[in-house]
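Here is a friendly note to read alongside the model. The points below go through its pockets, its metal site and its core in turn.

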Amino acid sequence: MVAPHGNCPGAINVVMLGPPGAGKGTQAERLSRARKLPKVSTGDILRESVQSGTKLGRAAKATMEAGNLVGDDMMIAIVQDRLNRSDARCGFVLDGFPRTVVQATALDRMVADRGPLVVLDIVVPEEVLEFRLATRRICAKCGSTATPEWTAACGKCGGGLVTRVDDGIEIVRERLKVYQRQTKPLVEYYSSRPNFSSIDGNRPPDVVTAAVGAALDAAIGAAGHGVAQ
Ligand SMILES: [Zn+2]
């Protein structure tokens, strides 16, 4: 099969992994802006494809309305559709996909002729995640979530932060447990690759951003070297 938009030399394909509360969404957004790569978040594309009313979108909507999780096959098809769009031709920052080894295997096939796949795993100790999730606040002005650990004001609009009636600690722990169970095999799948990096996410966001950028540059450098041999 011919790639719909041809190859793009120097394309950078990034997967961001990290548990809820690790700051993955923020870092994905910053990386996307800094490198001019589209941020592809599964939450966003699911919403988009439901709104667009495509055959896939309608199927996804029916699945979610029935209270079911969107399965691997449907998720893979939706992401494939998104990555085939022209703005993703020279790379992307994936947030929320893959979630399973089946999805990761499919992603490997999708990017086989599209340049290196860099996997950045943001790691934060469990007790810090629990604290962050339990103390999360929302901006009174724009509604985005913030962690008061590092900031007293909204990072997006500067608005004041208000306490969110949030999940209790038991629910927070359960969410983290589900994530660990789902993601452990995924990290094992990727961790032996040279383009995999673990990043210490238990630092102020700007420090993490710098580390993410450095890890990406190192991975690209290594990939470039591999091609030259
Ligand atoms: Zn705000």
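How much space lies in the largest pocket? About 1400 Å³.

This is a predicted model, where local features need pLDDT of at least 70, side-chain atom pairs count only at pLDDT 80 or more, and totals for chains, interfaces and linings use all residues. Residues are numbered from 1 along each chain as its sequence is written, and side-chain values use heavy atoms, with hydrogens and water left out.

1. The largest pocket. Its lining has 46 residues, and Gly23, Lys24, Gly25, Thr26 and Arg136 lie nearest the centre. (On a 1 Å grid over the protein atoms alone, a pocket is an open set of points where a 1.4 Å probe fits, with protein on both sides within 12 Å along at least five of seven lines; lining residues have an atom within 4 Å of a point. A volume is the space filled by probe spheres set on the points.)

2. What builds that lining. Elements supplying at least two residues each include α1 (24-35), β1 (12-17) and α7 (169-191); helices (H or I, at least four residues) and strands (E, at least two) are DSSP runs. The largest share, 7 residues, comes from α1. By class, the lining has 15 nonpolar, 18 polar and 13 charged residues, with Gly counted as polar.

3. The second largest pocket. Here the volume is about 370 Å³. Of its 15 lining residues, Leu46, Leu69, Val70, Met75 and Arg99 lie nearest the centre. Two or more residues come from each of α2 and α4 (72-83), and α2 has the largest share, with 3 residues.

4. The zinc site. Which residues coordinate the zinc ion? The SG atoms of Cys139, Cys142, Cys154 and Cys157 do, at 2.3 to 2.4 Å (donors are N, O and S atoms within 2.8 Å of the metal, or 3.2 Å for Na, K and Ca). Along the chain these donors follow the spacing C-x2-C-x11-C-x2-C. The site is tetrahedral, with angles of 99 to 115 degrees among the 4 donor atoms (for four donors, all angles must lie between 85 and 135 degrees).

5. Cys154 counts as buried because its relative accessibility is 7%, while Cys157, at 34%, counts as partly exposed. (Buried means under 20% relative accessible area, exposed over 50%, and partly exposed in between, with a 1.4 Å probe and protein chains only.)

6. The largest nonpolar core. Among its 28 residues, Val79, Leu83, Leu94, Phe97, Leu107, Met110 and Tyr190 touch the most other members. α4 gives the most to this core, with 6 residues. (Such a core is a set of buried Ala, Val, Leu, Ile, Met, Phe, Trp, Tyr and Cys residues joined through side-chain atoms within 4.5 Å.)

Definitions and conventions: Four donors count as tetrahedral if all angles lie between 85 and 135 degrees; four count as square planar and six as octahedral if opposite donors are over 155 degrees apart and all others between 65 and 115; anything else is irregular.
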